[in-house]
Amino acid sequence: MNLRLRKVLIANRGEIAIRVMRTCRELGIRTVAVYSDADRNMPHVARADEAYRIGPPPSRESYLQMETIIDVARRAGADAIHPGYGFLSENARFAEMVAGAGLLFVGPPARSIAAMGDKTEARRLVQAAGVPTLPGTSGPVGSEADGMAFCALHGFPVLIKAAAGGGGKGMRVVRSMEEFATSFRAAQSEALSAFGDGRVFLEKFLENTRHIEFQILADAFGSTVHLGERECSIQRRHQKVVEESPSVVMTEELREEMGRTAVMAAKACGYVNAGTIEFLVDEDLHYYFLEMNTRLQVEHPVTELCTGLDLVALQLHVAQGNPLPFRQEEIAFRGHAIECRICAEDVENNFMPSTGKILHLRPAQGPGIREDRGVEEGGEIPVFYDSMISKLVAWAPGRGEALRKMERALEEYEITGVKTNIPLCLFVIRHPEFAAGRFSTRFLGENFSPDRLPGFSEIQQKAIALACALAATRTATPAPAGRDGRDWKSARLLNLRGKP
Amino acid sequence: MSAVLVTVQGREHVVEVENGRCILQGNPDASAVEIAPGVFSVIINGISVRVLASRQGESFTAHCEGVVGEVLVETERTRLLKRYAGVGDVVARKTEIYAPMPALIVKVEVKAGDSVEKGQGLVILEAMKMENELKATHAGVVKKVLVEKGMKVEKGELLLLLE
């Protein structure tokens with residue numbers, strides 16, 4: 001690769017900032033980190049070649065401050081800005097401003113971001129290109145009456161969606177005419193508060209679908225390829241938890257067809273750089289365009305492991321105006337990769353985020369394991385940003401082996417101080433239906449409840465009893481000199497009832 | 001010599017303590033060492049188990065191969081004291097609902113005087129880009145609501161009183 005970039009600012013935090021920096025370093029590119037006051041101690045700051053403060057903890061006042069970030073890039077002498085995912089990564093105005101400041105935006109052109117960001121506009125664009133979509137309204141729905149007319153024509157269930165964004169906000173499934181008006185108004189107000197835009201549209205809702213997405217990559221010379229699919233059906237409240245590649249339902253013919261369709265969708269908006277086309281796939285393997293994510297995805301490592309490619313390196317490569325270094329038929333897929341998003345949340349208490357300091361952290365290691373993480377032992381999970389601690393990824397030649405590797409890695413992963421969803425991830429990986437590949441996006445909602453989590457085995461209980469007794473006696477020491485250790489019970493155990 | 005009563009997932013284990021040495025009743029040869037702060041290596045009849053134990057308020061949290069659980073460590077004396085004082089798992093009732101984290105109040109689902117069922121939603125909080133519902137830990141009557149929609153609350157701030 002013929003790289004000209006010398007210095008890149010990463011307008012993000014956490015694991016993705018570190019992920020981008022790692023590739024930059026391998027390519028001999030200097031890295032510039034930005035940080036809010038909540039993140040001064042974070043590893044993405046310490047690992048960068050340069051780091052600059054951009055504001056107070058709330059994202060709105062730091063990681064979403066476009067002028068400040070561009071100003072830092074200029075002052076630091078950076079040539080480019082990589083937005084990561086989230087924050088400003090799908091903000092067309094930011095992409096425009098970066099270009100306007102004479103810097104490279106490591107992502108698609110602003111017009112592609114804008115076209116795909118408006119969900120009804122995106123539907124129209126890809127439909128015109130021949131990409132299958134679900135029956136839906138051609139644009140935002142102006143009135144309840146118009147919405148009800150659509151329902152009468154297509155039948156229930158119907159999904160109300162926000163025109164301005166995704167992520168489950170402003171989304172409502174409606175199953176009868178009686179519910180429609182209430183749900184319609186609720187979705188509008190939710191969309192308004194989440195995106196500052198209350199417009200909603202309607203789509204026919206399919207009950208038993210999988211979420212399968214295609215990674216695409218495009219250069220500025222009209223060449224677009226796909227890098228295979230990722231199955232992301234294991235979701236909780238529209239947030240992905242487990243992702244894998246390939247999908248168990250995929251055949252070579254279907255991959256070729258869906259991949260070609262994904263490339264058509266990307267071309268429909270003049271796409272350049274890395275992006276993802278999301279599809280819903282029904283039980284008969286009919287597929288429908290859902291939306292396009294115009295950025296690097298959280299779950300991109302599974303694609304990297306199955307293709308042997310470095311997506312960040314390729315993003316930097318095409319952002320500088322280089323042609324793609326390979327053609328579609330040169331891309332080979334090997335083995336099976338699976339990713340678990342390890343988040344700081346309490347699976348036994350309605351998935352409440354668990355904030356605080358990580359007291360002990362020993363990640364899984366060993367053959368076939370990759371871990372991308374943005375916090376270290378002793379670090380805090382700040383309340384201001386998302387709750388993801390780590391992405392644990394396993395690769396093996398086949399799916400069964402990859403699942404066993406992931407199970408082993410999850411058992412090995414040690415983290416204390418905050419609660420994590422590791423028990424939930426283990427629940428999924430060990431579930432016979434998941435192992436058999438029989439699941440849809442409803443899997444977690446239908447199968448998971450905290451009382452289905454396994455307990456300790458008998459030998460583990462005994463070991464824990466002994467360890468905790470030792471810990472209780474140990475924490476009483478150091479005892480004052482001259483006394484034996486027997487005073488521990490009066491010193492500590494009486495405090496067991498005390499408030500923490 | 002004294003004994004420690006350790007309750008793991010509802011089952012009680014007796015550990016005798018002698019000069020700082022811990023002996024598991026029924027498995028006197030079992031050995032445990034703390035190999036790093038909070039990390040224990042335990043060997044019972046040749047079976048090796050790695051345990052993490054961290055103290056959290058009045059109990060321990062134990063981790064073992066992806067399973068997490070609360071552990072209660074008592075002596076006969078502390079247990080008797082608890083029974084006598086009428087505390088413990090018999091009557092413990094949460095009547096004050098606190099914010100578990102700094103958050104924005106998205107919705108207050110009850111008002112003073114409402115009867116609530118166990119598990120019924122009380123307040124929806126937004127933190128870390130997610131909405132979270134606080135639920136009633138037991139059935140009761142809402143005595144007082146101290147917050148309203150749109151308010152920002154700090155961790156540990158009193159949100160409502162339940163009776």
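**Helices, a sheet and a contact between chains**

Visitor: H4(A) and H5(A) are roughly antiparallel to each other. At roughly what angle do their axes cross?

Guide: First, this is a predicted model: local features need pLDDT of at least 70 and side-chain atom pairs need 80 or more, while totals for chains, interfaces and linings use all residues. Residues are numbered from 1 along each chain, with chains lettered from A and ligands numbered from 1 as written. Angles run from 0 to 180 degrees between N-to-C directions of axes fitted to C-alpha atoms over the stretch in contact, and under 35 is roughly parallel, over 145 roughly antiparallel, 65 to 115 roughly perpendicular and the rest oblique. The axes of H4(A) and H5(A) come within 8 Å and cross at roughly 175°.

Visitor: Which residues of H5(A) meet H4(A)?

Guide: Contact here goes by C-beta atoms placed from the backbone, within 7 Å of each other. On the H4(A) side you have A:Ala92, A:Ala95 and A:Glu96, and in H5(A) they meet A:Ala110, A:Ile113, A:Ala114 and A:Gly117.

Visitor: How many nonpolar residues does that contact have?

Guide: Ala, Val, Leu, Ile, Met, Phe, Trp, Tyr, Cys and Pro count as nonpolar, Asp, Glu, Lys and Arg as charged, and the others, Gly among them, as polar. The contact of H4(A) with H5(A) has 1 charged residue and 1 polar one, and the nonpolar ones number 5.

Visitor: Is H5(A) mostly covered or open, and how many of its residues are buried?

Guide: Helices (H or I, at least four residues) and strands (E, at least two) are DSSP runs numbered from the N terminus, and H5(A) spans residues 110-117. Buried takes 20 or more other C-beta atoms within 10 Å, exposed 12 or fewer, and partly exposed lies in between. Those buried include A:Ser112, A:Ala115 and A:Met116.

Visitor: What about H7(A) and H8(A), how are they oriented?

Guide: H7 (residues 144-154) and H8 (residues 177-195) of chain A pack with their axes 10 Å apart, at an angle of about 140°. That angle makes H7(A), relative to H8(A), oblique.

Visitor: Which residues of H8(A) make that contact?

Guide: H7(A) brings A:Glu144, A:Gly147, A:Met148 and A:Cys151. By class, the whole contact is 6 nonpolar, 1 polar and 1 charged. From H8(A) come A:Met177, A:Phe180, A:Ala181 and A:Phe184.

Visitor: And how does H12(A) run against H13(A)?

Guide: The axes of H12 (residues 399-412) and H13 (residues 422-430) of chain A come within 10 Å, crossing at roughly 155°. That makes the pair roughly antiparallel.

Visitor: Now a loop: where is A:Pro140, and is it buried or exposed?

Guide: A:Pro140 sits in the loop between H6 and H7 of chain A. Beyond its neighbours within four places in sequence, it touches A:Thr120, A:Ala163, A:Arg199, A:Val200 and A:Phe201. With 20 C-beta neighbours inside 10 Å, A:Pro140 counts as buried.

Visitor: What is the bridge partner of A:Ala80 in E5(A)?

Guide: E4 (residues 80-82) of chain A runs parallel to E5(A), joined by 2 bridges. The partner of A:Ala80 is A:Leu104.

Visitor: Moving to chain B, which of its strands gives the most to the side that touches chain A?

Guide: The contact takes 58 residues from chain B and 46 from chain A. With 8 residues from positions 47-56, the top contributor on the chain B side is strand E6.

Visitor: Which chain A residues does B:Val6 contact?

Guide: B:Val6 lies in strand E1 (residues 2-8) of chain B and is buried, with 27 other C-beta atoms within 10 Å. Leaving aside neighbours within four places in sequence, its contacts in chain B are B:His13, B:Val15, B:Val71 and B:Val73, and those in chain A are A:Ala465, A:Cys468 and A:Ala469.

How values were computed
Two residues are in contact if their C-beta atoms, placed from the backbone, lie within 7 Å. Two strands pair if DSSP finds at least two bridges between them.
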